[in-house]
Amino acid sequence: MSLSSNYLNLWLNRFPALTNIHDTAWKNVMQRAKYARLPANHWVFHEGEACANYIFLLNGQTRVFKTFKNGREVVLYHLHSGNTCTL
């Protein structure tokens with residue numbers, strides 16, 4: 001769903017630096033931004049997939065990890081409310 005004014009306000013409250021960007025291209029991005037509520041244990045990206053979205057985590061937490069062929073995992077980092085995904 002597109003960002004309603006309620007979600008846009010929440011987004012800007014979590015990421016206040018975004019309110020200082022006045023570039024037209026950025027304003028277009030903000031207008032096309034979407035809000036998604038994801039269930040626990042939901043995969044957002046898999047290694048090797050093209051990144052079609054950039055995540056701004058408003059609430060909750062998640063982790064970025066790598067899984068090896070033998071099934072073992074290593075956590076690269078955790079994301080918490082107010083973080084963005086850089087990988």
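The side chains of Glu47 and Lys66 are joined by a salt bridge with an N to O distance of 2.8 Å, a salt bridge being a side-chain nitrogen of Lys or Arg within 4 Å of a carboxyl oxygen of Asp or Glu. This pair links distant parts of the chain, with Glu47 in the loop between H2 and E1 and Lys66 in strand E1, 19 residues apart. The model is predicted, so that local features need pLDDT of at least 70 and side-chain atom pairs count only at pLDDT 80 or more, whereas totals for chains, interfaces and linings use all residues. Residues are numbered from 1 along each chain as its sequence is written, and side-chain values use heavy atoms, with hydrogens and water left out.

By the salt-bridge rule the count comes to two. In the other pair named here, Glu73 forms a salt bridge with Arg63, the closest N and O atoms being 3.2 Å apart; Glu73 belongs to strand E2 and Arg63 to strand E1, ten residues apart. Relative accessible area was classed as buried under 20%, exposed over 50% and partly exposed in between (1.4 Å probe, protein chains only). Glu47 is exposed because its relative accessible area is 63%, whereas Lys66, at 27%, counts as partly exposed. Glu73, at 44%, is partly exposed, and Arg63 is also partly exposed, at 35%.

The protein chain has two helices and two strands, taken as DSSP runs (H or I of at least four residues for helices, E of at least two for strands) numbered from the N terminus, and follows the pattern α-α-β-β along the sequence. Buried residues make up 16% of the 87 residues in the protein chain, and its C-alpha atoms fill a box of roughly 45 × 25 × 25 Å along the principal axes.

On the surface, Phe68, Val74 and Leu76 form a nonpolar patch with about 250 Å² of accessible area together. Such patches comprise residues with over 30% relative accessible area and no salt bridge, nonpolar side chains (Val, Leu, Ile, Met, Phe, Trp, Tyr) being joined within 5 Å and like charges within 9 Å; accessible areas come from the Shrake-Rupley method with a 1.4 Å probe, and for residues only the protein chains shown count as cover. Leu76, which lies in strand E2 (residues 73-80), counts as partly exposed because its relative accessibility is 45%.
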